[in-house]
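The following paragraphs lead the reader through selected features of the structure shown here.

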Amino acid sequence: MFLSNTGRRPNFVIRCFLISLLLFRLTDTWAAEPLTVADSKRIYAVADHSDMLTSSVHADQIGKHWSAFRPFDYHQVRIDVDTNNVYWFRFTVRNQTDESLYLVVPTLGYATVLLYEWSNGRTFPIGKGGLQAVMAEKYLPASRDIMRLPLRPGQQKTYLLRMNRFDRKSLPASIYPQYALIRESHPTDVIEGLLFGILLAVVLYQLLIYAVTHERDYLLLGGYLFAFTLQLAIFSGHFYELFRDIPFWLNDRLFYAIPIMTALLSFAFAYYFLRIKTRTDPIIRYGFRLLFGFFLIFLIAAVFGFGRIAVLYQNTTPLAAAFMLYTGTRIYRTGYKPAFLFLIAYSVPIFAILYLSLYIYGILTYSWLNHTMLLMSSDAHAILFSIAIAYKIKTYKDETERLIVAQNIQLEQKVAERTRELAEDKIRIQEQSDQLKMVMKELHHRVKNNLSIVSGLLSLQSNQLTDEQAIRAFQEGQQRIEVMSLIHQQLYKTDQISTIDIRQYIRELTAGLIHAYGFGERSFDFQFHSDFDELNIDLAIPLGLILNELLTNAFKYAYRAVDKPVLIINLHKQAGLVLEVQDNGPGIDVSNWERSGGSFGKRLIKGLSQQTGGEFTIDNTNGTRFQLHIPESELALA
């Protein structure tokens, strides 16, 4: 019995050793040094007091992996775009203050943030955060994930923080006593609000200036800065603070799409600001097209949820930034002065990104300065770009004014030269005009003399005739020639070459016929009205001949048995020209007039009416009334 008991003792010892070893591993012996919170005014970083484990194990199974935790090492954190890489952080907190403690995790793109309390080998969920959690599941609807630690003064507990999807190699979680949280939150929110306000004010300023000036640079800069502001709001968590009920899938796509959209708008602004379209450097032109195409593909991938493709823009961003600096430098060297301010404005966020890359890759730890560095640089970036556009417009204005001055000088010289040429041409034209007038006057004078000779010959010839009908024919022909002669007489007496005073001509023609047929001016009622002052000679001659025939006919037949002869002649503007001649005689036989054939005078009136393009009518109401209408289109040809 003794021997048997003695033989079993080694097995018992081994079992006790194994059990103690297992209990030893399940204790906090392997854990990092506890984080002791003793000052309510301080903020305590969790990273220096935590162990980490890369595993997607469920919280109920984490105890089986307790021994796999190792001290936090930022080299082990992978910058990724999916939610499959899960990290567990284990830390112990001892509260030596009289205040409540809070775990604060900035919203930096984490899909989920879960906080558990470890007690008696089990996990108890006590907080939730991240983009995947709705605001109702969070402790406070703030731009940061704030989770209360159920830790009374003097108490110590171990906590497990489960997080996935990192965009930087750091653990920015911190422990805040209640006093420190209140004291730090107020100035932080005020300063961030002020910085965002400045950025939005610049955006609004650009859009208002565009509405007034329609300068495309202002519109593109306003759109770019608005997208940049939205990107900063997402990265800082303020976007999710304002829009609390946006689903995770939309948050997830916005998280990647907005930065790419910002990059595209930045390229569009730079393209027009630097006037790339007018550049002959093929590297710049094709480089812009290539990078713009890449970013457009990344944007489409982000919109449709292909995160692994969308995240490639982060790898392309340094190349794009270097290309933009190269472009600005090359264009500045060509003499385009606004490119210098473009380089300064573009360098500010690049410097901030280079500084933040030290934080992204774990070299620097999280701090308020790091958190707001990009926002502060963005304000400077926006203001400098606004100054660059103003300087560009001023440069354009100065160049335009110089060009205007130079062009004005050239224009004045050309105007002076042209004025001198015109003055010389005017003198030459005036001389030619005077010569032409003299020639035309001489021509009209000779035509008038020739017509007078013809009239005289007809008169002499008629004196030798005995036949009354032949004598009347000669006299009528002589009268028609004198009608034409009267027109040429007016032309050589005035400075006009091709037009005559139609009023004077009709009055003289009528007066001559009145006296020729033995009527006196006092015993004859002559009424005349004309809307025309002058008529072209080509129209005046046929109208004079027509008028001569009508008046001759009236003097011959209309006034034989009339005590008080009345003659009315009107020349109206009515859709062209209307000539009306009316007497107060017994009237004409209209049916006889409308028959074909007849006297030479009737045929002459019809022929001349057709020559002028007009139409005539005759009626015998209260005497004979003749009306000739020449349309406006025919007047324009005369």
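Glu 424 is partly exposed at 41% relative accessibility, a class that lies between buried (under 20% relative accessible area) and exposed (over 50%), for a 1.4 Å probe and protein chains only. The model is predicted: local features need pLDDT of at least 70, side-chain atom pairs count only at pLDDT 80 or more, and totals for chains, interfaces and linings use all residues. Residues are numbered from 1 along each chain as its sequence is written, and side-chain values use heavy atoms, without hydrogens and water.

Glu 424 forms a salt bridge with Arg 420, at 3.6 Å from N to O; the term requires a side-chain nitrogen of Lys or Arg within 4 Å of a carboxyl oxygen of Asp or Glu. The two residues are four apart in helix α10 (residues 368–463), so about one helical turn separates them. Helices (H or I, at least four residues) and strands (E, at least two) are DSSP runs, numbered from the N terminus. Arg 420 is also partly exposed, at 45%.

Among the 14 salt bridges found in the whole structure is that of Asp 281 with Arg 330, whose closest N and O atoms are 2.9 Å apart. Asp 281 lies in the loop between α5 (248–273) and α6 (282–303) and Arg 330 in helix α8 (residues 312–333), so the pair ties together parts 49 residues apart in sequence. Asp 281 is buried at 13% relative accessibility, whereas Arg 330 is partly exposed at 33%.
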